[in-house]
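This report describes a two-chain protein model, beginning with the contact between the chains. The sequence and structure come next, followed by the computed description.

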Amino acid sequence: MNQIEVHPFNTRTNLTTYCQQRDIVVEAYAPLARALRMKHPTIVSLAKKYTCTPGQLMVRWSCQHGFVPLPKSVRKERIVENADVGGFSIDAEDMKTMDALDEYLVTGMFWVARSFEIVPLIVCARLGSGGRRLGLPRRLM
Amino acid sequence: MSKVAKMADQTYSLATRVKLNNGSVMPQIHLGVYLMSGREASSAVAHALDAGYRAVDSAQMYHNEKQVGHAVLEYMKKHPDLKREEIHYTTKLASNSNYERARKSISQSVKECGLGYIDLFLLHSPYGGKQARLDSWRAVEDAIQDGEVRIGGVSNFGEKHVRSSEARVTTFH
């Protein structure tokens, strides 16, 4: 079991292939790319094609790759929606189109701290000593 | 039929389970509770269980293990048919240091969530160097022996990390 950031904008193909070949289950965190690419034209058009939401499309992509997606939401409707991915199936060509969206978009926890104004305060407060213990560079905390 | 085509044909839902190579199974879709306050995590877990989720992914670093665990226990109290075994709870070690600290930290996580045991315990990152990784991993293995953890695994490990620790890590995941 290896839990890593995986979504169509950060596919980590070499690593996921390596793990899956060895029967190591890949858990995909940030399967929705932290909602940073919900309006991406390819995502929007495929969501329209499959009559699903962009979030459902990305969770389904993760499932079809054999990953274990861990979608996060605090809202009840979204929590229900994110897991409701049984009503459609992404065809092989569209899976490839989604795979090709890879731009190594790293949304992980330390990136968040560098990109917004308010979030870093919260993140630093929570990760401050933890981050230091992890030996993270200061700029990443 | 190719693997991809087979996966496309499959129907995925909250009832879908994946098989691990140690023979156990777990839900394919889990609720993530990263960066949620205790209060948010508590209500999100209740909504998720209501919706049919049976797996939650927390971490020591999220500082919401207690609220996640208690939300599960509360839900089970209201739904006596739901067994602890049907729930899959994941948490992760905040930092790799030495065996004693890791082992103690795992016990603390068990206590914090109140669920009796942790289904999946991950090393949150490869940071700390190889020795710290291996020592922390040994603590996970011992926690499995001691019944505090069911399955062990890693997070944020690159190919080299997985490869270098593979002989041990692949024993449980």
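## Polar contacts and the interface

Between chain B and chain A, 16 residue pairs are in polar contact, both residues at pLDDT 80 or more. A polar contact is a pair of N or O atoms within 3.5 Å; within protein, one must be able to donate a hydrogen and the other to accept it, and residues adjacent in sequence count only if both atoms are side-chain atoms. On chain B, the side that touches chain A draws at least two residues from each of helix H1 (3–9), strand S1 (17–19), strand S2 (25–27), strand S3 (31–32), helix H2 (38–51), strand S6 (118–123), strand S7 (149–155) and helix H6 (159–169). H2(B) gives the largest share of that side, six residues. By residue class, the side of chain B that touches chain A has 25 nonpolar, 19 polar and eleven charged residues. Here Ala, Val, Leu, Ile, Met, Phe, Trp, Tyr, Cys and Pro count as nonpolar, Asp, Glu, Lys and Arg as charged, and the others, Gly among them, as polar.

In the contact (heavy atoms within 4.5 Å), 55 residues come from chain B and 47 residues from chain A. About 4400 Å² is buried between chain B and chain A, with 61% of it on carbon and sulfur atoms; buried area is the accessible area (1.4 Å probe) that two parts lose on being put together, summed over both. One salt bridge is found across the interface of chain B and chain A, the rule being a side-chain nitrogen of Lys or Arg within 4 Å of a carboxyl oxygen of Asp or Glu. A:Lys76 and B:Asp50 form a salt bridge, with their closest N and O atoms 4.0 Å apart.

## Basis of the values

This is a predicted model, in which local features need pLDDT of at least 70, side-chain atom pairs count only at pLDDT 80 or more, and totals for chains, interfaces and linings use all residues. Residues are numbered from 1 along each chain as its sequence is written, chains are lettered from A and ligands numbered from 1 in the order in which they are written, and side-chain values use heavy atoms, with hydrogens and water left out.

An open sheet of eight strands runs in the order S3(A)-S2(A)-S1(A)-S7(B)-S6(B)-S5(B)-S4(B)-S3(B), with parallel pairing. Strands pair if DSSP finds at least two bridges between them. The edge strands, each pairing on one side only, are S3 (68–69) of chain A and S3 of chain B.

Strand S1 (residues 2–5) of chain A pairs with S7(B) in the parallel sense over two bridges, and A:Gln3 stands opposite B:Ser155. S6(B) and S7(B) run parallel and are joined by five bridges; B:Leu122 has B:Gly153 in S7(B) as its bridge partner. Three bridges link strand S4 (residues 55–57) of chain B to S5(B), also in the parallel sense, with B:Asp57 opposite B:Thr90.

Buried means under 20% relative accessible area, exposed over 50%, partly exposed in between (1.4 Å probe, protein chains only). Six of the six residues of strand S5 (residues 88–93) of chain B are buried, so this strand is largely enclosed by the rest of the structure. B:Ser105, in helix H4 (residues 99–113) of chain B, counts as buried at 19% relative accessibility. Leaving aside neighbours within four places in sequence, B:Ser105 is in contact with B:Gln60 and B:Leu93.

Chain A has seven helices and three strands. Helices (H or I, at least four residues) and strands (E, at least two) are DSSP runs, numbered from the N terminus. Of the 141 residues of chain A, 52% count as buried.
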